[in-house]
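Keep the structure open beside the text and follow it from sheet to sheet. The sections below move from the strands to the core, then to charged contacts and the surface.

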Amino acid sequence: YSPYLTDFLNPREIQIVKDLANYYNLKFFVSSTFDNEEYGRVILAPDYYELDEDDFEIKRLEISYARQFNKLTHPKVLGALINQLGLDRQVFGDIILDEEGRVQFSIASHLASYAIMTITKIGNVSVTLKEVSKDDWISNQENYSQSFVLLSSMRLDNVLATVLNLSRSNALKPVSYTHLTLPTNSL
């Protein structure tokens with residue numbers, strides 16, 4: 001009888017929660033619909049609930065660094081967030097980089113000040129984090145498409161053939177098999 005806010009979920013997890021919400025006749029809201037992002041927080045709520053965007057409890061932080069001398073990448077930023085903060089992936093949303101080298105990421109609002117105080121370096125690059133207002137958010141320019149496929153088996157060549165719409169023989173080409181051989185005296 002009260003709203004429930006999830007951590008950040010990937011698109012597949014969002015779809016599962018949406019299906020469950022529909023099954024149980026709950027209202028379903030996802031933050032990624034407002035921001036065109038892949039990861040989003042979900043609010044499950046009873047009929048009477050009225051959504052306020054602030055209920056998603058998301059803050060966007062921008063990473064300031066010497067862009068003329070350094071380049072930050074998505075893996076470096078994600079690694080720093082997880083390793084330096086000691087937190088799970090579920091508390092962070094998308095990490096967005098633009099053509100100018102600006103980097104922003106979404107985070108659960110209760111952890112924003114902790115991240116600002118803790119992260120001072122990413123790799124060997126000195127950085128500072130600051131909260132940015134909704135007007136200054138970098139928009140995610142990536143377009144996503146989602147599809148579900150039915151597989152006859154979980155063999156790698158079958159997965160590649162189905163997803164990439166190739167023949168199985170063409171899907172086998174990039175796949176190399178290695179065989180593990182045990183010494184005869186270990187048997």
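What follows is a walk through a predicted model.

Start with the sheets. Strands of a sheet pair through backbone hydrogen bonds, either parallel or antiparallel.

β5 and β6 run antiparallel and are joined by four bridges. Within this sheet, Leu97 stands opposite Val103 in β6.

The largest nonpolar core has 24 residues. Ile63, Leu72, Phe105 and Val127 touch the most other members. Which elements each supply at least two residues of this core? They are β4, α3 (74-85), β5, β6 and α4 (112-118). α3 gives the most, with five residues.

Turn to the charges. The whole structure holds six salt bridges. Take Arg60 and Glu37, whose side chains meet in a salt bridge at 2.2 Å, N to O. Arg60 lies in strand β4 (residues 58-64) and Glu37 in the loop between α2 (32-35) and β3 (40-45), so this pair ties together parts 23 residues apart in sequence. Are the two partners buried or exposed? Arg60 counts as buried because its relative accessibility is 1%. Glu37 is buried too, because its relative accessible area is 8%. The cut-off for buried is under 20%.

Stay with β4 for another pair. Arg102 forms a salt bridge with Glu62, and the closest N and O atoms are 3.3 Å apart. Arg102 sits in the loop between β5 (92-97) and β6 (103-108), while Glu62 is in strand β4, so the pair ties together parts 40 residues apart in sequence. Glu62 counts as buried, at 11% relative accessibility. Arg102 has 22% relative accessibility, so Arg102 counts as partly exposed.

Glu53 and Lys134 make a further salt bridge, 3.2 Å from N to O. This pair links distant parts of the chain, 81 residues apart: Glu53 is in the loop between β3 and β4, and Lys134 is in the loop between β9 (128-132) and α5 (156-164). Both ends count as partly exposed, with Glu53 at 37% relative accessibility and Lys134 at 42%. Elsewhere, Arg155, Asp157 and Arg168 are linked in a network of salt bridges.

Which residues make the nonpolar surface patch of about 560 Å²? They are Ile16, Leu20, Tyr23, Tyr24 and Leu26. Tyr24 lies in the loop between α1 (11-23) and β2 (27-30). Tyr24 counts as exposed because its relative accessibility is 56%.

Asn25 lies in that loop between α1 and β2 as well. Asn25 is exposed, with a relative accessible area of 62%. Check its backbone too. Most residues other than glycine have a negative phi. Asn25 is not a glycine, yet has a positive phi of about 55 degrees.

Finish with Glu57 in the loop between β3 and β4. Glu57 is not a glycine either, and its phi is positive, at about 50 degrees. Glu57 counts as partly exposed, at 40% relative accessibility. The loop between β3 and β4 also holds Glu53, the salt-bridge partner of Lys134.

Technical notes: Residues numbered from 1 in each chain as written. Predicted model: local features only at pLDDT ≥ 70, side-chain atom pairs only at ≥ 80, totals over all residues. Heavy atoms only, no water. Patch = residues over 30% accessible without salt bridge, like charges linked within 9 Å, V, L, I, M, F, W, Y side chains within 5 Å. Areas by Shrake-Rupley, 256 points an atom, 1.4 Å probe, with all protein chains shown as cover. Salt bridge = Lys/Arg side-chain N within 4 Å of Asp/Glu carboxyl O. Buried < 20%, exposed > 50% of the residue type's maximum accessible area, 1.4 Å probe, protein only. Core = buried A, V, L, I, M, F, W, Y, C linked by side-chain atoms within 4.5 Å. Pairing = 2+ DSSP bridges.
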